[in-house]
Amino acid sequence: MVVKAYPLGMRIMNNNGIGEDEGDSGVEPYIGLEFDTAEEARDYYNSYATRTGFKVRTGQLYRSRTDGTVSSRRFVCSKEGFQLNSRTGCPAFIRVQRRDTGKWVLDQIQKEHNHELGGHVEETTPRPSVQQRAPTPTKLGISVPHRPKMKVVDEADKGRSCPSGVISFKRFKGAEESDVQTQPKATEPYAGLEFSSANEACQFYQAYAEVVGFRVRIGQLFRSKVDGSITSRRFVCSKEGFQHPSRMGCGAYMRIKRQDSGGWIVDRLNKDHNHELEPGKKNAGMKKITEDVTGGLDSVDLIELNDFSNHISKARENTIGKEWYPLLFDYFQSKQAEDMGFFYAVELDSNGSCMSIFWADSRSRFACSQFGDAVVFDTSYRKGEYSVPFAMFIGFNHHRQPVLLGGALVADESKEAFSWLFQTWLRAMSGRRPRSIVADQDLPIQQAVAQVFPGAHHRFSAWQIRSKERENLRSFPNEFKYEYEKCLYQSQTTVEFDTMWSALVNKYGLRDNMWLREIYEKRENWVPAYLRASFFGGIPVNGTFEPFYGTSLNSLTSLREFISRYEQGLEQRREEERKEDFNSYNLQPFLQTKEPVEEQCRRLYTLTIFRIFQSELAQSYNYLGLKTYEEGAISRFLVRKCGNENEKHAVTFSASNLNASCSCQMFEYEGLLCRHILKVFNLLDIRELPSRYILHRWTKNAEFGFVRDVESGVTSQDLKALMIWSLREAASKYIEFGTSSLEKYKLAYEIMREGGKKLCWQR
């Protein structure tokens, strides 16, 4: 049976035109409640909210991966989230899902609120007083749809037309024609207001801002991960943010969202300003906004002018080209004068304007020759914590410290922009490609990684995964969250993960959950069991590591401070690296066993890496090894922990070449042998590790030597790059220390002269 739920107090007209009370409006929400449309479910939840004492917002929607139609909708308490000061992160919501019959069924619900309820709440969303009339010839005429109270567009309900009216706003100064005045409420934006285009919404908000007394800038945009089209836009007060002295972090904004019909609807709104308003203040510096074929604002060419016609804010590409590049160009020139290996490149658009910038000094380029096998493409600026669109390529050195492999300013977050950036980084690093890369999961980045780094294992950024988990699992019971974490982090193999995942979604009836289905399809990019077969240089499985610049670069960092903070932070990191180099060469850690293998690794590994190895060696004594199979030179062992039957791993060993592999895949992931293989080596009386299991990148001389064996798989191009950067770095040390005093200069020069004789460059 389908429950016809209507807002409280509505009367249904019978065939005779007589109103009847709709008895079902008082039904409590419950799993299985059905509606004819998603709009009907929204009206019902509004009615329930009015009785209970809270207000409702339209939440997240999910689309079918087959045809793109909306398959489920969430309606949430107005205090959901933390985007505004008035919100408390309330978890209350309902979710309705479309069935094959076309009905919408309530399949998830959370009734508990984390704030006080206000009893019977009247709907306070303002409605525009729109008169149906012919357009009056005024300077500004904006056509907006007329919407009844509590009306919400259902994305699955296409082709429905709405009557529209013309709102003419009063002009304050210099109006040449007679003004047509409407009631003030006609100019008020409200959640649910519809527009035929994003440009129309922008013009509406500009006109509203002129009446109220503030100026407008175009804010953040969001794109579809399916086709890259723009799905929502924000228009903000010009005093939003702190990037300019005139700004004061104003929170006023209007956000519009694209509908299936091609129209746009206001879905989020904040009218409160933290500064005085100047009614009648015109947005005279606004240019017309061009729209892309999808109907969204793609290129941001909205420019605000101050009273002296100077640019206060510009589109990101203009900001980089006109403000950042001149300052950085001076910095690049000074760096090239003192660093022959300094590299920088600039991306230009068809008009010759600067779009993106990449740079790397010789130290970063050399570091990439040794530690560029596992790379993090850090775009923390996208989290909203930074005013500077500063992206970094980060590697991890032989002390497991982050090292900078290049920096960039990113103007345009498109596939083409990221492809240019990756190709430029590759060119600066002599074509040395990473084996793995950690980067965001956005479609443009995924496409660019696949194009420029074919074969590299792309692992999604942990902060994005955690953010999506918080958003999508917030309403799930704690029991599910516990089993979800257990499935992720206790699965030892991909088969085990797939089995546990299938059991989990079946147990909780989540087979049709769109988000869980989507992330499962991408499991090779984020699930630990699927990542272990690829080398990630010890980057933590959960992906969390200390930001390279800590808090020194943030939303308050000005243009003038950026370079000095960049240099200071980089020097601090390199000083930490020098300290670890000194400690590794001059300190001797205590041995915990009498095994020759421990002495071998103490002699070769850095302190940090040796401690990890030493811990694995010590732990190996807590395990038992049992041979389960032998045929020719191949043997298999079952290695399990004493007193724990559940913790066991399979080790395969080849006596012909001393090759060993373990089901935990620690060596494949981190480049260090696990306790299970060490246990088998002990059983077989192998006293020293075969050379293939001592990765050069973890040794003390990794930074200044290069690969010991050409047979390690390095190409001739990579080998030449290694030799170039190794020799260049060694030469730079001679220069650095040789110029510190006249005596050291003479010594360094004499050493190089004697070396030159041996290389026969002197006759």
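Begin by selecting strand β12, residues 230-237: six of its eight residues are buried, so the strand is largely enclosed by the rest of the structure. Here buried means under 20% relative accessible area, exposed means over 50%, and partly exposed lies in between (1.4 Å probe, protein chains only). Strands (E, at least two residues) and helices (H or I, at least four) are DSSP runs, numbered from the N terminus.

The model is predicted, so that local features need pLDDT of at least 70 and side-chain atom pairs count only at pLDDT 80 or more, while totals for chains, interfaces and linings use all residues. Residues are numbered from 1 along each chain as its sequence is written, and side-chain values use heavy atoms, with hydrogens and water left out.

**The strands around β12**

From β13, proceed to β14, residues 264-270. These strands also run antiparallel, with six bridges between them, and Met254 stands opposite Leu269 in β14. In the hairpin that β13 and β14 form, five residues lie between the strands, and Gly262 takes a positive phi near 100°. Five of the seven residues of β14 are buried, so this strand is largely enclosed by the rest of the structure. Strand β10 is joined to β14 by two bridges and runs antiparallel to it; Phe195 has Trp264 of β14 as its bridge partner.

**Salt bridges**

Which residue forms a salt bridge with Lys271? Select Glu188: the closest N and O atoms of the two are 2.8 Å apart. Lys271 lies in the loop between β14 and β15 (304-305), and Glu188 in the loop between β9 (164-168) and β10 (194-195), so the pair ties together parts that are 83 residues apart in sequence. Both ends are partly exposed: Lys271 has a relative accessible area of 28%, and Glu188 has one of 23%. A salt bridge is defined as a side-chain nitrogen of Lys or Arg within 4 Å of a carboxyl oxygen of Asp or Glu.

Move on to Asp373 and Arg697, whose side chains meet in a salt bridge at 2.9 Å, N to O. This pair links distant parts of the chain, 324 residues apart: Asp373 is in the loop between α4 (362-371) and β19 (374-378), and Arg697 is in the loop between α16 (675-683) and α17 (716-738). Are these two residues buried or exposed? Asp373 is buried, with a relative accessible area of 11%, and Arg697 is buried at 6%.

The next pair to select is Arg675 and Glu616, with a salt bridge of 3.0 Å, N to O. Arg675 belongs to helix α16 and Glu616 to helix α14 (residues 607-619), 59 residues apart. Both residues are buried. Then display Arg57, Glu80 and Arg474, which are linked in a network of salt bridges. The structure holds 28 salt bridges.

**Helix α6 and its cover**

Select helix α6, residues 443-452. Its buried residues include Pro444, Ile445 and Gln446, together with Ala448, Val449 and Val452. Among the elements that cover them are α5 (415-428), β22 (436-439) and β23 (457-460).

**An annotated region**

Now highlight residues 649-685, where UniProt places the feature "domain: SWIM-type" in an unreviewed entry. UniProt annotations may be inferred rather than shown by experiment; feature names are shortened and positions follow the numbering used here. Over this stretch the chain is 38% helix and 27% strand, and its end C-alpha atoms are 20 Å apart.

Finish at helix α18 (residues 742-758), which supplies six residues, the largest share, of a nonpolar surface patch. The patch is formed by Tyr734, Leu742, Tyr745, Leu747, Tyr749, Ile751 and Met752, with about 700 Å² of accessible area together. Tyr749, in helix α18, counts as partly exposed at 45% relative accessibility. Patches are made of residues with over 30% relative accessible area and no salt bridge; like charges are joined within 9 Å, and nonpolar side chains (Val, Leu, Ile, Met, Phe, Trp, Tyr) within 5 Å. Accessible areas come from the Shrake-Rupley method with a 1.4 Å probe, and for residues only the protein chains shown count as cover.

Buried residues make up 48% of its 763 residues.

Conventions: Contact means heavy atoms within 4.5 Å. Two strands pair if DSSP finds at least two bridges between them.
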